[in-house]
Amino acid sequence: MIERHIARLRARHSISGAEEQAIRGLVSETRRVAKQTVLIREGALLDSSTLLLDGLLCRYKDMEEGRRQITELHLPGDFADLHSFTLKRLDHNILAMSDSLLATVPHERIQRLINDHPRLGRIYWFSTNLDAAIHREWVLSLGTRGAAERTATLFCELQVRIGLIDGTSPKEFMLRMSQSELAECLGITPIHVNRTLARLREEKLMSFRHNRAEIYDLAGLRRLADFDDGYLYLDPEPL
Amino acid sequence: MPHYYFDLHNGTGLTRDEEGLDLVDEAAARAVSLETIRSILSDEARSGSLDLVGRIDVRGAAGETVMSISFEDAVQVRQPAGAAHD
């Protein structure tokens, strides 16, 4: 199941056979968690990082009255908290949005990996920088885009990130999240999300129903979002 | 917790809520409706229009309409004296 993680890395950087073996050595224990499980609580002391093998995770921050802002989504093959390797305590929570399969990677193994393979250390450093780039784009969206443009941007991003595992540009994909959770990504209410999705459907750009996203017109959706995939660093300089 | 559905009627037609939300009571459903209307109006205002013709019909789990909140109920509007309505 770690294949997706390796495929995700190889989508951007070459990984040698020896490096691949070292990455495989990171994972021994896997565990399943049910949807709506909070895997990591803000402030808890951590001695391992969590790699998502299958399912959907998010980073979120809590507000009073049960309000939440989701700040990033994690797809299969993503580390949810590689940054806990240095931070040790997170300033946010990590939630399983769907039933998920996880691998726990002790920080001491990551330490050994980057001692033995400094280039993999740089590749994982790149990976946390990429998370930061995604956060910046979300800030841009929340601060400057309207509801429809924001929604379009999120689906453009997910369309690229989901396609990275198998090198495709998918026309449809599954996304196991509710409109309420989508609302928590987009900073609008669930009913406003429903209205916004209806508009995108009426304009024949995309639909999202019953956990299934269908992109009717990718170029049109990108135009509406003013989407530039540069922040996803799809063709980075070699490390 | 009771489940409520929020059907939106506005200038672009009816958007039926198929998913709904679990909320503690009708007061919470009303609060969600008001927040949504304000969110939609502010989003529209960004692109230069303000259409107060619309409402949210809140349905209970059995499909019965629990309340109806018009867009006008969600905002206080002040206009210059003598402003024309059309």
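In the predicted model, helix 4 (residues 107-116) of chain A lies across strand 3 and strand 7 of chain A. The angle between helix 4 of chain A and strand 7 of chain A is about 65°.

Strands of a sheet pair through backbone hydrogen bonds, and the pairing may be parallel or antiparallel. In chain A, an open sheet is formed by 3 strands in the order 1-7-3, with antiparallel pairing. Strand 1 (30-33) and strand 3 (48-54) of chain A each have a single partner strand and stand at the edges, so one side of each has no neighbour in the sheet. From one strand to the next, the twist averages 35°. The antiparallel pairing of strand 1 of chain A with strand 7 (residues 100-106) of chain A extends over 4 bridges. Within strand 7 of chain A, Ser100(A) is the residue that stands opposite Val33(A).

A further contact involves two helices. The packing of two helices is described by the angle and the distance between their axes. For helix 7 (residues 179-186) and helix 8 (residues 190-202) of chain A, the axes come within 8 Å and cross at roughly 95°. Angles of 65 to 115 degrees count as roughly perpendicular, and helix 7 and helix 8 of chain A are therefore roughly perpendicular to each other. Helix 7 of chain A contributes Gln179(A), Ser180(A), Leu182(A), Ala183(A) and Leu186(A) to the contact, while helix 8 of chain A contributes Pro190(A), Val193(A) and Asn194(A). By class, this contact between helix 7 and helix 8 of chain A has 5 nonpolar residues, 3 polar residues and no charged residues.

Notes
Residues numbered from 1 in each chain as written. Chains lettered and ligands numbered in written order. Predicted model: local features only at pLDDT ≥ 70, side-chain atom pairs only at ≥ 80, totals over all residues. Pairing = 2+ DSSP bridges. Helix = DSSP H or I, 4+ residues; strand = E, 2+ residues; numbered from the N terminus. Axes fitted to C-alpha atoms, helices over the stretch in contact; angles between N-to-C directions. Contact = placed C-beta atoms within 7 Å. Parallel < 35°, antiparallel > 145°, perpendicular 65-115°, else oblique. Nonpolar A, V, L, I, M, F, W, Y, C, P; charged D, E, K, R; others polar.
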